[in-house]
Amino acid sequence: MPKRKIGVIRAILAVFFFFLMNLRVLEPLVEIEATGLPLPVLNCFSMGVFIIVNRPSSTIVCAMGALQRSIAQGYIPLLTIGVIILIGAIIGRAFCGWVCPFGLIQEALWRIAGKKNKIKFDLSYVQDAILLLVIFTVILKGLVTVAILSIQLPIYGKIIDETFYEGPFCAFCPSATLLIILPSKMLEVALTGEISLTPWAILRLSILAFFIAASLFTPRPFCRWICPLGVLMGYFNKISLLTIKRDPTKCIKCDKCLRNCPMKINIIEYETITSKKCIKCLSCVDVCHKKALSVSIK
Amino acid sequence: MPKDCRDCIFFSNGRCLKLNIKVDNPASPPCLEKEKTGAITLSLEDLEKIIGVEEKKPATLEEVFSEIREYGEEIEVSREEVPFKEVAEKPPRKEGVEVPPVEIVSVPPKPKRELTLEEIIRKYNSVLEDLQKNLNSLSMLEEFKDTISPEVYEERKRELEEVIDEQQKKLKSLEKMAVSKGAIKCPQCNALNLPSSKVCTRCGRKLVKRKKEEYEPKRKEKLKAKRFFTFSLIALGIILIYMGILNGDWSYLKSLIQIPCASCLKGLLP
């Protein structure tokens, strides 16, 4: 493969997958059935609401959303868990690097801003904590729904209400804000010349603005610090079939891979890159001029 | 002024280091011809006279030993004069001075990761170097056993033996790890080298390349176990997907797409 081409291929593929995942945008022209396939990408299944077809245009289901909603409504999401395990065991966290639209937007901003890394703290523990918190909340809600637990979940006005417990992460998800709330508000301004913002929308838009601004100073801040779906898939990196290997006899420790890595993994520490942060974007393989890094299948 | 290059301090390996030229005939120094131009040539004797080095006779073995004995006695005396306990004791705390409360900050443990072969080899070689230094110290201690007091000797020996034991254990475990990953042990100096090394990085001895079969089986076993686990996970995933489809998950997920999500609606509706 010619040098420095993987980034371009990734961008093209991400756009292609984004179109494929939201194919129902074409519904006014052609009738398309939603597949309902749960995939580990932050492509909200509410996508397209109010904008073009006045109903979701997504053909797939975000695995995180599906997990939360199913468990909270008292189902055991066998299909979603099965897909997560299957994809994780084969390619690990590669969906984050090749398909996830929000990740790609953050990375593109980082690369345009000159690949700066000014925010260096590691918040991977926060990511684990968020995942645990989300799972705990939905399980609690699920137990209440199926009447195993008879407790009243706390409600704080309009923000934390009954629907919050069905998708505690979805309630803050900046990807959904970027792909649903922001376009609909922009459309509202364009059509009516006015904008009506709920406190919830302001909070969500500020979260989105924070991550967009942070992307200019550090690569993929949301993926590295917050995304619970990413960390869930990252646990599979240790055993996934698709791995990246470093040949220590060829490696000259020039740090090129580290500088180019969007997840800021210290690659020279590993012989087989099993870090849960690795999104298998192959940027490191692309820049290594000594060919010390290679993709391998176990 | 030396009349022969071989007496000159600037003469080395058939070259004059001062003029940076090759000297074909050391008996006729080329610098003598340059003398007229102002170049200064110094012999070893001249240099010694200038810096005032006295001529010394080589010390006899007895003199060396007597010096060592004196040095040993000096140490004994100084240890008795300044006991360790007194030095180590803290100064008494002043009354009325409040000590600020100490805040204990818990540091989150670093995630463990497997050491790379390079790291193991580096660690092994540094421990090996320390061990050899300690062994040398022990043999020195044995050699000069009579010159130092028996208490100091016993204490020092015990300390050294403890450290050596610990280092030997560490070396064994590191060697086990490294050898299983394909490292080559130098037969001359016991240092470990990368599988691709042709000569020892420590002593320069030529190394014999290890056959892959020697160290690969264990790795292969590990890989096999990992692969088995991965494939069993894949199988589990497929079973769960099948069960999910039978359970009606597919239609449930499809129904999710038909309705707009409540948490997004909250942000959209005033």
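**View 1. Where chain B meets chain A.** The contact draws 39 residues from chain B and 48 residues from chain A; two residues are in contact if their C-beta atoms, placed from the backbone, lie within 7 Å. On the side of chain B that touches chain A, the elements giving two or more residues are α5, α7 (212-247), α8 (249-258) and α9 (262-268) of chain B. Of these, α7(B) gives the most, with 16 residues. Helices (H or I, at least four residues) and strands (E, at least two) are DSSP runs, numbered from the N terminus. This is a predicted model: local features need pLDDT of at least 70, side-chain atom pairs count only at pLDDT 80 or more, and totals for chains, interfaces and linings use all residues. Residues are numbered from 1 along each chain as its sequence is written, while chains are lettered from A and ligands numbered from 1 in the order in which they are written.

**View 2. Helix α5 of chain B.** Look for B:Ile120, B:Ile121, B:Tyr124, B:Asn125 and B:Leu128, which are buried in α5(B) (20 or more other C-beta atoms lie within 10 Å of the residue's own, with C-beta atoms placed from the backbone). The buried residues of this helix pack against α6 (150-180) and β5 (192-193) of chain B.

View 3. Now find B:Arg15 in β2(B): B:Arg15 is the bridge partner of B:Ser12.

Technical notes
Buried ≥ 20, exposed ≤ 12 C-beta atoms within 10 Å, placed from the backbone. Pairing = 2+ DSSP bridges.
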